[in-house]
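Here are my notes for someone opening this structure for the first time. Have a look at it, then go through the points in order.

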Amino acid sequence: MASVSIEKVIEKFGLKNLTPQIEVENIKIHQPDINRPALQLAGYFEHFEETRPQIIGFVEYSYMENLSDKKKKEVYPQVISEKTPCIIFCRDLHPDELFMKTALKNNVPLLITEKSTSAFMAEIIRWLNVKLAPCISVHGVLVDVYGEGVLITGESGIGKSEAALELIKRGHRLVSDDVVEIRKVSDDTLIGSAPDITRHFIELRGIGIIDVKTLYGVQSVMNTTNINLVIRLEDWDKEKKYDRLGLEESYTEYLGNKIVCHNIPIRPGRNLAIICESAAVNYRQKKMGYNAAQELYQRVQNSLSKPREDDEE
């Protein structure tokens, strides 16, 4: 099960830790959802998601200030649950002394951010959705081509890395070679990245490992990109019929999301980099509403529907 430590959250968002005596590196977040405990502070604990990070905004803070000491002693131990990974105060608000003591007793870190509640919630939810998204690893090469994430797959040794290197020389950016980690951040979006250990490296048979970032500069690499298109390389089979028009899209599926997929036959003389570039540009054209295959089909239909001169005579 994917998880993120509170230490990573503090580092990512620059949070101030009011409870440094608590070992935050051992406390994990396991789900991307958060909770604002307004109803809980008012005494309603049905359906309380205590395992989520709790966000205290100005409204919750104002309500807490008006609580009597008796009510605070009754409510705080229930809001600050031992199962809660952390409590974050927005707008640089500071908890009262009783809240601090209860948090320390239950080993719940108290954190502070200067950001507004809505802005911080949007940021942390988006970040947690990526970090805690379902993830798989696939064998392939991921390159950003004209802003489209192109995943190149195929048998080992078929030329994926060589195609990626040529694309890099043509100004495109490498995300990952050999192993691509795919995360499902929504029903429409897959994000690809490289494992930390192989990031920015490419393996070329006969040469070995090369560092793309060092050889071609920081503009030649990126850490993550959306996966928009899959190009599957395969050996040319003269007995097989390949799509020559592209009227119907083919798809492949990762983590339940369908991605447009092109099966590209490989034979000597075919320039894989130009093919990948053309596929990416054609995909962008289709997203913008223009389909070359449909345009050709329409022209043919119009030509066939016109009366010929011989018939008119």
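1. Start at the hairpin made by β8 and β9, where 2 residues sit between the strands. Tyr146 is in that turn, and its phi is positive, about 55°. A word on numbering and provenance: residues count from 1 along each chain as its sequence is written, and this is a predicted model, in which local features need pLDDT of at least 70, side-chain atom pairs count only at pLDDT 80 or more, and totals for chains, interfaces and linings use all residues. Side-chain values rest on heavy atoms, with hydrogens and water left out. Strands here are DSSP runs of E with at least two residues, helices are runs of H or I with at least four, and both are numbered from the N terminus.

2. How do β8 and β9 pair? They are antiparallel, over 5 bridges (two strands pair if DSSP finds at least two bridges between them). Leu142 faces Leu151 of β9 across that pairing. β8 also pairs with β10 (residues 173-176), again in the antiparallel sense, over 3 bridges. There, Leu142 stands opposite Ser176.

3. β8 is mostly covered, with 5 of its 5 residues buried (buried is under 20% relative accessible area, exposed is over 50%, and partly exposed lies in between, using a 1.4 Å probe and protein chains only). Which residues lie on each face of β8? Val141, Val143 and Val145 are on one side, with Leu142 and Asp144 on the other, and both faces are covered.

4. Step back to the sheet: 6 strands run in the order β10-β8-β9-β16-β18-β17, forming an open sheet with mixed pairing. The edges are β10 and β17 (251-254); each has a single partner strand, so one side of each lacks a neighbour in the sheet. From one strand to the next, the twist averages 35°. α7 packs on this sheet and touches β8, β9, β10 and β16 (contact means heavy atoms within 4.5 Å). The direction of α7 makes about 25° with that of β8 (axes are lines fitted to C-alpha atoms, for helices over the stretch in contact, and angles run from 0 to 180 degrees between N-to-C directions).

5. Now the largest nonpolar core, which has 30 residues (a nonpolar core is a set of buried Ala, Val, Leu, Ile, Met, Phe, Trp, Tyr and Cys residues joined through side-chain atoms within 4.5 Å). Among those with the most contacts inside it are Val150, Ile152, Leu167 and Ile231. Elements giving two or more residues to this core include β8 (141-145), β9 (148-154), α7 (160-169) and α9 (272-287). α9 gives the most, with 7 residues. Another core, of 22 residues, lies apart from the largest one and has Ile22, Ile27, Ile88 and Leu128 among its members.

6. There is a further sheet to look at. It is open and mixed, with 4 strands in the order β2-β6-β5-β4. At its edges are β2 and β4 (54-56), each with a single partner strand, so one side of each has no neighbour in the sheet. β5 (residues 87-89) and β6 run parallel and are joined by 3 bridges, with Ile87 opposite Leu110 of β6. Helix α3 (residues 58-65) lies across β4 and β5, at about 75° to β4.

7. Which residues of helix α1 (residues 6-13) are buried? Ile6, Val9, Ile10 and Phe13 are. They cover an arc of only 100° around the axis, which puts them on the same side of α1 (the arc is that of the directions from the helix axis to the C-beta atoms). Their cover includes β1 (4-5), β2 (16-17), β3 (28-29), β6 (110-112) and α6 (117-131). Gly14 follows α1 and has a positive phi, near 60°.

8. Lastly, the cysteines. How many disulfides does a search of the whole structure find? The search gives 0 (a disulfide is a pair of cysteine sulfur atoms within 2.5 Å). For Cys86, the nearest cysteine sulfur is that of Cys90, 11 Å away. Cys86 counts as buried, at 1% relative accessibility. For Cys135, the nearest is that of Cys261, 20 Å away. Cys135 is partly exposed, with a relative accessible area of 38%.
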